[in-house]
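Work through the exercises below with the sequence and the model side by side. Each task is followed by a solution in steps.

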Amino acid sequence: MDTKSQTSFQEKALELLVADADKIARLIRVQMDHLTMPQCPLYEEVLDTQMFGLSREIDFAAKLGLIDREKGKEILDSLEKELSVLHDAYTDK
């Protein structure tokens with residue numbers, strides 16, 4: 001595979017991972033906007049499933065050399081910070 005193709009795949013992989021992370025972030029923001037109980041079993045299950053799925057996508061992309069593991073960690077850390085804000089907002093309410 002030539003360097004141009006590899007770069008294109010890397011950019012596309014990062015774009016897709018960021019898009020998936022944005023979907024999860026929107027889910028978190030909707031929860032924050034409504035301040036519904038973050039301990040709701042359905043919400044927790046959906047969020048846990050989404051986060052796990054994203055972490056597996058990131059791991060797969062990293063194994064293929066499409067993204068740097070550190071970049072993947074940054075994406076997950078960002079979402080975890082948003083989730084922490086949600087829990088703080090709910091507990092402060």
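**Exercise 1. Salt bridges**

How many salt bridges does a search of the whole structure find?

Solution. The model is predicted, so local features need pLDDT of at least 70 and side-chain atom pairs count only at pLDDT 80 or more, while totals for chains, interfaces and linings use all residues. Residues are numbered from 1 along each chain as its sequence is written, and side-chain values use heavy atoms, with hydrogens and water left out. A salt bridge is a side-chain nitrogen of Lys or Arg within 4 Å of a carboxyl oxygen of Asp or Glu. Searching the whole structure by this rule gives seven salt bridges.

**Exercise 2. Pairs within a helix**

Find where Lys-12 and Glu-15 lie, and describe how their side chains meet.

Solution. Step one: both residues belong to helix α1 (residues 3-34); helices (H or I, at least four residues) and strands (E, at least two) are DSSP runs, numbered from the N terminus. Step two: Lys-12 and Glu-15 are three residues apart, about one turn of the helix. Step three: their side chains form a salt bridge, at 3.4 Å from N to O. Step four: relative accessible area is 42% for Lys-12 and 49% for Glu-15. Both are partly exposed, where buried means under 20% relative accessible area, exposed over 50%, and partly exposed in between (1.4 Å probe, protein chains only).

Solution. Asp-20 is partly exposed, at 21% relative accessibility. Lys-71 has a relative accessible area of 33% and Glu-74 has 42%. Elsewhere, salt bridges with shared partners join Arg-56, Asp-59, Lys-63 and Arg-69 into one network.

**Exercise 3. Layout and confidence**

Which secondary structure elements make up the protein chain?

Solution. The chain has three helices and zero strands, in the order α-α-α. The 32 residues of α1 reach 47 Å from first C-alpha to last, close to the 46 Å expected at 1.5 Å a residue; the expected span is 1.5 Å times one less than the number of residues. The highest mean, 89, is that of helix α2 (residues 41-63), and the lowest is that of α3, at 85.

**Exercise 4. The core**

Which residues have the most contacts inside the largest nonpolar core?

Solution. A nonpolar core is a set of buried Ala, Val, Leu, Ile, Met, Phe, Trp, Tyr and Cys residues joined through side-chain atoms within 4.5 Å. The largest has 20 residues, and Ile-28, Leu-54 and Leu-79 have the most contacts inside it. The elements that give it two or more residues are α1, α2 and α3, with α2 giving the most, seven. Ile-28 is among the buried residues of α1, as are Leu-17 and Ile-24. Not counting residues up to four places away in sequence, Ile-28 touches residues including Tyr-43, Leu-47 and Leu-79, a contact being heavy atoms within 4.5 Å.

Technical notes: pLDDT is the predictor's confidence in each residue, from 0 to 100.
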